[in-house]
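Good morning, and thank you for making time for this presentation. Please keep the sequence and the structure in view while I speak.

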Amino acid sequence: MVENLPSTELMVDELKDWDKKYFIHPTTSPKVHAKEGLPIIFKEGKGVKVQDIHGNEYIDGVSMLWNVNLGHGQKELAEAAKAQMVKIGYSSSFIGYSNEPAIRLAEKLVSIAPGDLEAVFYTSGGSESNDTAIKFARFYWELEGMPEKRKIIALENAYHGVTIAAQTATGVPNFHAFSNSHIPEVLHAKAHLTRCEQGDRSDLQYEGCIRDIVEKEGAETIAAVILEPVQGSGGVYIPPDGYLQAVRALCDEYGILLIADEVICGFGRTGEMFGVDQWETVPDLMCFAKGVTSGYAQLGGVLVSRKIRDAFVQHDGFLSHGFTYSGHPAACAVALKNLEILERDNVIGNARARAAELKAGYEFLENTHPAVAKTRAIGLLSAFELYEDREAGKRFDPSVQAAGKIYESCFKRKLLLRTLRAGEGENILAIAPPLVINKNEMEDIFSILDEALTDCEK
Ligand code: PLP
């Protein structure tokens, strides 16, 4: 690897210095960054492995931001981008202009989407997709002559992104609160209460469930419910079986649209093409991003159902919504290639096979380390928690920073994980490797974790 090193150490120092001075990092402590600088500069990657600028190799245990589904260094994706860029690098989709990759991708997405989701609007990422879905839900009700249907019900602990509507819908406290920037008419319901959503008012948790909010606010004021099929950044919470179906039935009963945020779940992460496929639920609007290009290009979008598309095409006016990069030709070409590889190489089949090993790995950790608790996994989307006394349900004192310590210890051992900022005192770590991971690499993740836990227990 020596030949790939920068020519002088000075160059690395310069990069680190410039990073500290000029680069404001997302979801990073500016204070710590300004003082200590950055932990890593990535240079290249192959499969589940990434290399830093010094040539150190790490296992990417979380697919970066749960998005590099096909793994790193996938040359076919790079070639697809290049082939498109040399033809036409950018073209607009406004005023009906179009391009071939965007059209072909729309057809492909509709063909793999569940139910009657039959047209797509493109964005550049997940937050834009959720803002778009919220606006589309309200626009739909305006077109239907019910402009008072505007309220959005989201779930506690949801993560929907950082643009202002998506941030308001987000229920993870620190992200929700940032800069106190919110849109009105967004409410939060308690998550994953199947019996309550089925109408069991005797359930002690009924107050604050979606159904309770609908009854109190009046369905005539509510545009949509938005949820992640599996909550991701809020802590990886998998709904009980029957929950999604119950929310779908509730929305149908009251004439409310259902928005599924598939930004993490989409394109194989849970072991099905889409998270909603796990529970055979068809939303009215389905937001996607991340895995549609495996992170190789910035692309997101919203798939809409037949009735929404029908309402749009009856409308005499303009659809006054759109991003410069809606339907970006190179991003769409990358997405098309990404979906082709996903199917050609049976990548979702691999994710399912590895999911069994992931569960076995968690079982081993729970049996070996008393601090490991509440392990949960669906496909290759998973998390575990750390408790001082799991039987008694006693958490570590926050000053211990248990999850942070395990993260650091894994980092030193060249495994990248992610701590999730959940509620006070919670110590949650996520594992969500690229879907192309093999058996040995999965074993490596758990042997590193085993060592890290043993080390920290000392
Ligand atoms: N929705 C979900 C479920 C996400 O996990 C994320 C990002 O992690 C977003 C939306 C926001 O996506 P983006 O960061 O591309 O705006």
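By contact I mean heavy atoms within 4.5 Å. With that in mind, T194 is in contact with P240, D241, G242, Y243 and A246, once its neighbours within four places in sequence are left aside. T194 lies in helix α9, residues 194-198; helices (H or I, at least four residues) and strands (E, at least two) are DSSP runs, numbered from the N terminus. Is T194 buried or exposed? T194 is buried, with a relative accessible area of 13%. Buried means under 20% relative accessible area, exposed over 50%, and partly exposed in between, with a 1.4 Å probe and protein chains only.

A word on the source. This is a predicted model, in which local features need pLDDT of at least 70 and side-chain atom pairs count only at pLDDT 80 or more, while totals for chains, interfaces and linings use all residues. Residues are numbered from 1 along each chain as its sequence is written, and side-chain values use heavy atoms, with hydrogens and water left out.

I turn now to the ligand. Which residues surround the ligand? They are G125, G126, S127, N130, Y159, H160, G161, E228, D261, V263, I264 and K290, where a residue is near a molecule or strand if one of its heavy atoms lies within 4 Å of it. Helix α6, residues 126-143, gives the most to this shell, with three residues.

Several atom pairs deserve attention here. The side chain of D261 places an N or O atom 2.7 Å from a nitrogen atom of the ligand. For K290, an N or O atom of the side chain is 2.9 Å from an oxygen atom of the ligand. Y159 takes part through its backbone, with an N or O atom 3.5 Å from a nitrogen atom of the ligand. The protein covers 81% of the 390 Å² of accessible area that the ligand has on its own; accessible areas come from the Shrake-Rupley method with a 1.4 Å probe, and for residues only the protein chains shown count as cover.

K290 also leads us to N67. Leaving aside neighbours within four places in sequence, N67 is in contact with K290, G291, S294 and G295. N67 lies in the loop between α3 (63-66) and α4 (75-87), and N67 counts as buried because its relative accessibility is 15%.

Next, the strands. Strand β1 (residues 42-46) pairs with strand β2 (residues 49-52) in the antiparallel sense over four bridges; two strands pair if DSSP finds at least two bridges between them. F42 has D52 in β2 as its bridge partner. The hairpin of β1 and β2 has two residues between the strands, and G47 takes a positive phi near 60 degrees there. β2 also pairs with strand β3 (residues 57-60), again antiparallel, over three bridges, and K49 has I59 in β3 as its bridge partner. Four residues separate β2 and β3 in their hairpin, where G55 in the turn has a positive phi of about 90 degrees.

D60 belongs to strand β3. At 1% relative accessibility, D60 counts as buried. Not counting residues up to four places away in sequence, D60 touches V48, H72, L416, P433 and P434.

Finally, β3 is among the elements against which the buried residues of α15 pack. Those buried residues of helix α15 (residues 402-412) are A402, A403, I406, S409, C410 and F411. Just after α15, K414 takes a positive phi of about 70 degrees.

Methods
A polar contact is a pair of N or O atoms within 3.5 Å; within protein, one must be able to donate a hydrogen and the other to accept it, and residues adjacent in sequence count only if both atoms are side-chain atoms.
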